[in-house]
Amino acid sequence: MSQPINPFEMALTQLDEVAKLINLDKGMHEILAHPKRVLTISIPVKMDSGEIKVFTGFRSQHNDARGPYKGGIRYHPQVTVEEVKALSMWMTWKCAIADIPYGGGKGGIICNPKEMSEGELERMTRRYAYGIADIIGPRTDVPAPDVYTGGKEMAWIMDTYSALKGNYVQPEVITGKPLAIGGSLGRNEATGRGLSFTVREAAKKLNINMKDATVAVQGFGNAGQFASQLVEDQGAKVIAVSDSKGGVYNKEGMTVQALRKHKEKTGSVVGFSGAKSISNEDLLEVNCTILIPAALENQINATNAKNVKAKVVAEAANGPTTPEADDILFNNGILVIPDILANGGGVTVSYFEWLQNLRREYWTEDEVNQRLDKNITKAFLDIYKTHEDYQVNMRKASMVLAVNRVAEAVNIRGLWP
């Protein structure tokens, strides 16, 4: 049986590759390879049954040379310290690519939230907030939701932190909150919207007319739905979509609104009227202009990459393309918009939420969307230029850009031994 991949080792390998490419100073490489701080805490919780159960929680803070740490908190049985360390490093690069003034952080609790009551989740969340309160803060570390957490958990953390640190409301300590307590308009569709802006810019670079473009989407969840809707708004035709139960295909096109209604009614896109059935695997090999993998990791791999016929692969999911597949797609002239750029809309609007909280002023949805467009478009153009300058694929180009920006900040601030 093969060993599970250690995510932190993977993150270090990516850093090693970029360090060689840009001749990164050995000392700087060493600094960037280590998170600045990793906190492990025990979280005792009184369960509904009356028994006391102790959960383990983490918060990894990778690098704050460019600003406060930023990154989500996930609740999952498979959370490990290696995973949160890797994710905090990837968040450092993601924030540098979006050119927002944050460093990378990440947190998590080893638990199964699906087997817990709301009361148990609240007690656990508040106890976790208590445990990390001394290392987070509006100008230190600003957490956000992640896997199996959302606005409710963020509200509990904000409330606990506010009570501990001054007994007045401090919405700027966390993002991804409900609108009623300082959340931002436009946050829900930010990931899909950001991706649609990168697709638009890629089409310009490759001389693709969006009115002639066809789209296939693997994973019709939040990001997949908003991304396909917004790409459809640019004139493209959606010809294939799938979810965990299967997929549908119609080369004449299907409207996203009708697909969404069908999914809301039946729980899946499967059985959509006038469309043929297609598997998740076959969807990746559909003859289309734009492929949006918005489901699980490692979907495009060494085996099927040679069969991908799209001109652009825009990654809404995290890690849907393996390193071997990346090389095959690059050699076949397919432009991959990497996850670290394509799904950067979420963290960018989280930054906007933080700014609005700090100023105690709130923007219209149009204002949020215009600012997002400006940020994501600049990020795409910066990476595309790096991709041309270094003659490497867009993923390596994004890492080159990120590592250069963080190293420059460390240098300028003199954060050396």
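Predicted model: local features only at pLDDT ≥ 70, side-chain atom pairs only at ≥ 80, totals over all residues.
**First stop: helix 4 and helix 5**

Begin by selecting residues 118-132, which form helix 4, together with residues 151-165, which form helix 5. The two axes come within 9 Å and cross at roughly 45 degrees; helix 4 and helix 5 are therefore oblique to each other. Their crossing is right-handed.

Next, display the side chains where the two helices meet. Helix 4 contributes Glu 118, Leu 121, Glu 122, Thr 125, Arg 126, Ala 129 and Tyr 130. From helix 5, the residues in contact are Lys 152, Glu 153, Trp 156, Ile 157, Asp 159, Thr 160 and Leu 164. Coloured by class, this contact shows six nonpolar, six charged and two polar residues.

**Second stop: helix 12 and helix 13**

Now select residues 345-359 for helix 12 and residues 365-390 for helix 13. Here the axes cross at roughly 125 degrees and come within 10 Å, which makes helix 12 oblique to helix 13. The crossing of this pair is right-handed.

On the helix 12 side, highlight Gly 345, Thr 348, Val 349, Phe 352 and Gln 356. They meet Val 368, Arg 371, Leu 372, Asn 375 and Ile 376 of helix 13. The residues of this contact divide into five nonpolar, four polar and one charged.

Finally, select Cys 95 and Cys 111. Are they buried or exposed? Cys 95 has 0% relative accessibility and so counts as buried. Cys 111, with a relative accessible area of 4%, is also buried. A search for disulfides will return none, as the structure holds zero.

How values were computed. Residues numbered from 1 in each chain as written. Heavy atoms only, no water. Disulfide = S-S within 2.5 Å. Buried < 20%, exposed > 50% of the residue type's maximum accessible area, 1.4 Å probe, protein only. Axes fitted to C-alpha atoms, helices over the stretch in contact; angles between N-to-C directions. Helix = DSSP H or I, 4+ residues; strand = E, 2+ residues; numbered from the N terminus. Parallel < 35°, antiparallel > 145°, perpendicular 65-115°, else oblique. Left-handed = near helix turned anticlockwise from the far one by under 90°. Contact = heavy atoms within 4.5 Å. Nonpolar A, V, L, I, M, F, W, Y, C, P; charged D, E, K, R; others polar.
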